[in-house]
Amino acid sequence: MHPITRNQSQILKSELIGDFPLAPLRANSDGVLETPQQRDDRMRAMLETPTLDGLAAVDLFDEKVAGGLTYNDFLILPGYIDFGADKVSLDSFITKRTKIRTPFMSSPMDTVTETQMAIHMALNGGLGVIHHNCSIQEQADMVRQVKKFENGFITDPLCLKPTDTVHKVLEIKKNFGFCGIPITENGKMHSKLLGMVTRRDIDFLQGTNDETKLLSEVMTTNLITANQGISYSDAQVILRQSKKGKLPIVDKDHNLTALLARSDLIKTRDYPWASTVQRQLLCAAAISTHEEDKIRLEALVKAGLDVVILDSSQGNSLFQIGMIKFIKKTYPDLEVIAGNVVTTEQARNLIAAGADGLRIGMGSGSICITQEVMACGRPQGTAVFKVAQYARQFGVPVIADGGIANVGHIVKACALGASAVMMGGLLAGTTESPGEYFYDNGKRLKKYRGMGSLDAMEKGDAAGKRYFSEGDKVKVAQGVVGSVVDKGSVKKFLSYLTTGVQHGLQDIGVQSLEELRDKVSSGEVRFQKRSASAQMEGGVHGLHSYEKRLFS
């Protein structure tokens, strides 16, 4: 017996009105027709009993009946709406302890996620995973830039001393992009604050002779400060009212203890959904399971890494289990997302080793040919549902990685139990993805390649390590190289995805991703399998030509 769906109980309790003049009259066992009043009473009694359409998820994904399914093979049946789409919460745990505001993650691919993508994914409530097809130093620098992009109280600001020269400030501006620098007695923190050098102080000091001037000659000494111990919100008020770029925090002896930047206030205002930890942007990065990547991980942790993704096409290996155990012992506070997996047995081994989250998918990406070449993998819909159903028992979140081509696929992946989706092709081609634009037949494009492609393997060894092929004399490609159309800024694109997912959940009749997963598990949210003709019917059809604009 299936439970009554949400809000149906409210409808049943409301007064049923109306008559049913077209409903047929029934005869009793003696052949006597019921009266119109008796018929209307019978109709009202029928309306008090909820009906049930479609299939529960467990029935839909019965492999003996349906085989393996992917996202296009089914639809979610609509529910009851009594709330606005803007009320839908997309908060979701991607590991046991890490929550993000939108269920979007960018894939650790060298044509998808570097510094700019990671920053803007976090600013918009998601999480960017920085690829490792580069040197240790390059990857650590990218993590560091993400972590330094937004701060609360900056407790380790770059300081200079009054005997330093303007040249040093110009070098800092060139290398780091800022020049609001506190000047202390010894050029270090916890030393007496003497002044600040800002852009206004050096804007007209660009000549060779000017660069030799001492900072004591050009610094601003009339400063507005706040006392150590002030709350973050009170410090924000002072900075806002002062209209200054920086607010130094000093102790009773006027020693500098912290700094608050106006730019961070603006970011907080403009990006209220930002994924942060201790007022810094959340940052994830990928590593391989090879022994030498323990050195890489050490550098990433020092740079401020929050979440590490073990990047392997087949995660159920001795190497990955050993790496998980090493990380949990060496860096107990670092969250580990393991994978990739597509079966419950793979998931069992990684959960037992200590994984904080799982990445699901093998050969389902648009540029991946693993299933074709290796004959291994699983249809993504079935893989997500089966693994998520198993991992849910242990409170381990799962991420659907691959096969996401539109908003509907995101909603379906979340309905099947995924806490988030990892996107490659959907985000490639945005302004923030690595690479240069080029034109082909009037279309503005960007290069997009699989990490299993020969192109990626030739750039660095991360691709080979991911597919256990770095020592092979003959490289067997498991990905292709292609191009994708320019999608504009990821900020606008993620806003479109967010709004689309909220409307999807509204149509289903649930107000959060957590409620969606719960009601799929209980059988309240229902599904319908689609035939090939039903899939064709559900898309654009019957037109001579059309323009498909996804958002404005």
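User: How many aromatic pairs does the count come to?
Analyst: The count is 6 aromatic pairs. Rings of Phe, Tyr and Trp (its six-membered ring) pair if their centres lie within 6.5 Å; planes under 30 degrees apart are stacked, over 60 edge-to-face, the rest tilted.

User: What is the geometry of Phe74 and Phe527?
Analyst: Edge-to-face. Their centres are 5.8 Å apart, with 65° between the planes.

User: Which parts does that pair tie together?
Analyst: Phe74 lies in strand β1 (residues 74-76) and Phe527 in strand β22 (residues 527-529), so the pair joins parts 453 residues apart in sequence. Helices (H or I, at least four residues) and strands (E, at least two) are DSSP runs, numbered from the N terminus.

User: Are Phe74 and Phe527 buried or exposed?
Analyst: Both Phe74 and Phe527 are buried. Buried means under 20% relative accessible area, exposed over 50%, partly exposed in between (1.4 Å probe, protein chains only).

User: What about Tyr390 and Phe394?
Analyst: That aromatic pair is tilted: 5.2 Å centre to centre, 55° between the planes. Phe394 counts as partly exposed because its relative accessibility is 45%.

User: Which residues do ring pairs link into a cluster?
Analyst: Phe61, Phe74, Phe385 and Phe527.

User: Before I go on, what kind of model is this?
Analyst: It is a predicted model: local features need pLDDT of at least 70, side-chain atom pairs count only at pLDDT 80 or more, and totals for chains, interfaces and linings use all residues. Residues are numbered from 1 along each chain as its sequence is written, and side-chain values use heavy atoms, with hydrogens and water left out.

User: New topic. Which ring does the charged end of Arg279 sit over?
Analyst: The ring of Tyr232, 3.7 Å from its centre. Lys294 has its charged end over the ring of Phe326, 4.4 Å from the centre. The rule: NZ of Lys or CZ of Arg within 6 Å of the ring centre and within 35 degrees of the ring normal.

User: How many disulfides?
Analyst: The count is 0 disulfides. A disulfide is a pair of cysteine sulfur atoms within 2.5 Å.

User: Is Cys414 buried or exposed?
Analyst: Cys414 is buried, because its relative accessibility is 1%. Cys376 is partly exposed, at 40%.
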